[in-house]
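Let's walk through this one from the overall build of a chain down to its contact surfaces. Have the viewer open and follow along.

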Amino acid sequence: MDNIVIETDLLTKRFGNFTAVDQISFQVTKGEIFGFLGANGAGKTTAMRMLCGLSIPTSGTGTVAGYDITKQSEMVKRNIGYMSQKFSLYEDLKVWENIRLYGGIYGLNEKEIAEKTDRLLQTLQFESERNTMVKSLPLGWKQKLAFSVAIFHEPKIVFLDEPTGGVDPVTRRQFWELIYEASDRGITVFVTTHYMDEAEYCHRVSIMVDGRIEALDSPKNLKQQYGVKNMQEVFYHLAQTAKRGD
Amino acid sequence: MAAISVNKISKSYRNIRALQEISFEVKPGELFGIIGPDGAGKTTLFRILTTLMVPEEGTATVNGLDVVTDYKEIRKQVGYMPGRFSLYQDMTVEENLSFFATLFGTTVRENYDLVKDIYQPLEKFKTRRAGKLSGGMKQKLALSCALIHKPSVLFLDEPTTGVDPVSRKDFWEMLRRLKKQGITIVVSTPYMDEAVLCDRIGLIREGEFMRIATPQEIIGSYQEILWAVRSSKMSALLAELRTFEGIKSCFSFGDTLHITVSNEQLLPATLKSILENNGHTDVDVYPIQATIEDCYMLLAK
């Protein structure tokens, strides 16, 4: 199907005799906001690294943006965006320099970059910060800018690894409004978070336990299935079954 | 005597004011939470109180000792778990713990009772290097090392950041148990839902406390008319309520939107039927009690 942008089949990663990711199979569609949840050590980061073409699976297969994650990892990297809380922008570069750098890395030409930069700064109402060093921006602004830079080359999918950790309550919500806009434009958003209220904002959510996907459905259906009133309780219910020592 | 007393502390980094005339007190045995986002000044405050940094203005005491002149004595009496993992990665679990005990002129055996609860799950990994531990285990080891010299005041800087909800819950249960032993605890967190687990909290923003009180008092003094709203199309609902006359603010809160209402004549049932007339289905509108996050957002405006 054309609409599927991420697909994995029995995707597995072993380190020695430790199975970090254990035969996960799932699909994500175009424009979907897909929440990728799990306790620390459940295998989220390892799975995400494979999907981004940064780690070769031990067994199983996966395609991202139409490319095989094992054989065409360079093409995967060109067609995705990535942002994490820990690393997003270069602190010692100005706002416009960061945008220029990422635009260049993703192969956009000068003219495209210039036009898109203007539009981006306008949308974020950041025009007055064009020449500001990123390190002197408030965290919330940085995260909004980092997200916009991650989708600057109009990737099919953007991977967000705990994008809102430590961000103030209002900015955290504005950030999710940016996610919704991207999703409305047809960009698939693959996001991890430890805020369970944010799990409710996703179209579908998967919960990993001990390297496997133990649940995958819309928040509404998951709550119904487990007979609980919020995603926090769904998460407790599943994560407590973990046997793997954290 | 207060366990901690802070009087008009200020601190700047070049042209950024990290802390602006902060004042507060923590009582002995209290669990005091400093709640706010990254960049609000939490870490700077911890560094000053643990004598790792000198304030530019103002004074502060811990156990009655001055943070500038009595720093040597304070260091013996407080435990500090910094936000970044700061144990020796190349030393084993056991070596780290005994190293910190030795630094403070004591032994693991002497104070084992205090850390027993927290350290026990680590016993079976005691020969593993600290750098090879999982996140949750590192956190337990760091807390054990901060406690091994039996401090009377414990400072925990964002111990639960980046930690999953289940491990966060476990961590707060450990803190409740420590509190029962009479230790004064100051803990910072960006997670607003953790505020209700503290005896008293300070809501911090841009280097200033907006409010210091018990979580119940803060929630109780919330004056706005606050409703939860839900329909089958949440993003359309958000856009509509943002422009709705008589509604002051509208934000996502999990599977509902929280709105504050300025029009006192408006009733939940009226809003519900207006929304239904505008094409929304499965509409729910009902009054709710504010959470700490609602209070924070209102105060931050």
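Start with burial: 53% of the 301 residues of chain B count as buried, where buried means under 20% relative accessible area with a 1.4 Å probe, protein chains only (over 50% is exposed, in between is partly exposed). A bit of housekeeping before going on: this is a predicted model, in which local features need pLDDT of at least 70 and side-chain atom pairs count only at pLDDT 80 or more, while totals for chains, interfaces and linings use all residues. Residues are numbered from 1 along each chain as its sequence is written, chains are lettered from A and ligands numbered from 1 in the order in which they are written, and side-chain values use heavy atoms, with hydrogens and water left out.

Chain B has 10 helices and 14 strands; these are DSSP runs numbered from the N terminus, H or I of at least four residues for helices and E of at least two for strands. Its C-alpha atoms fill a box of roughly 75 × 45 × 35 Å along the principal axes. Take the contacts in chain B (heavy atoms within 4.5 Å) between residues at least 6 apart in sequence: 68% of them join residues at least 24 apart.

The domain assignment, which is an automatic or database one, gives domain 1 (4-220) and domain 2 (225-299) of chain B. Their C-alpha centres lie 38 Å apart, and the contact takes 15 residues from domain 1 of chain B and eight from domain 2 of chain B.

What does that interface look like in area? The two domains of chain B bury about 890 Å² between them, 83% of it on carbon and sulfur atoms; buried area is the accessible area (1.4 Å probe) that two parts lose on being put together, summed over both. On the domain 1 side, B:Met192, B:Met210 and B:Ile219 lose the most area, together 63% of what that side buries. Across this interface the rule finds zero salt bridges, a salt bridge being a side-chain nitrogen of Lys or Arg within 4 Å of a carboxyl oxygen of Asp or Glu. It does find one residue pair in polar contact, both at pLDDT 80 or more (a pair of N or O atoms within 3.5 Å; within protein, one must be able to donate a hydrogen and the other to accept it, and residues adjacent in sequence count only if both atoms are side-chain atoms). Strand 9 (200-205), strand 10 (208-213) and helix 7 (215-220) of chain B each give two or more residues to the domain 1 side.

Next, the neighbouring chain. 28 residues of chain B are in contact with 29 residues of chain A, and the two chains bury about 2,400 Å² between them, 58% of it on carbon and sulfur atoms. In chain B, B:Asp164, B:Pro165 and B:Val166 lose the most area to chain A, together 21% of what that side buries.

How many salt bridges are there between chain B and chain A? The count is four, and B:Glu293 and A:Arg172 meet in a salt bridge at 2.7 Å, N to O. There are also 11 residue pairs in polar contact, both at pLDDT 80 or more. Among the elements giving two or more residues to the chain B side are helix 5 (135-147) and helix 10 (292-299), but the largest share, five residues, comes from helix 6 of chain B.

Finally, look at helix 8 of chain B, whose buried residues are B:Leu237, B:Leu238, B:Glu240 and B:Leu241. Their cover includes helix 6 (169-184) of chain A, together with strand 11 (225-230), strand 12, strand 13 (256-261) and helix 9 (268-277) of chain B.
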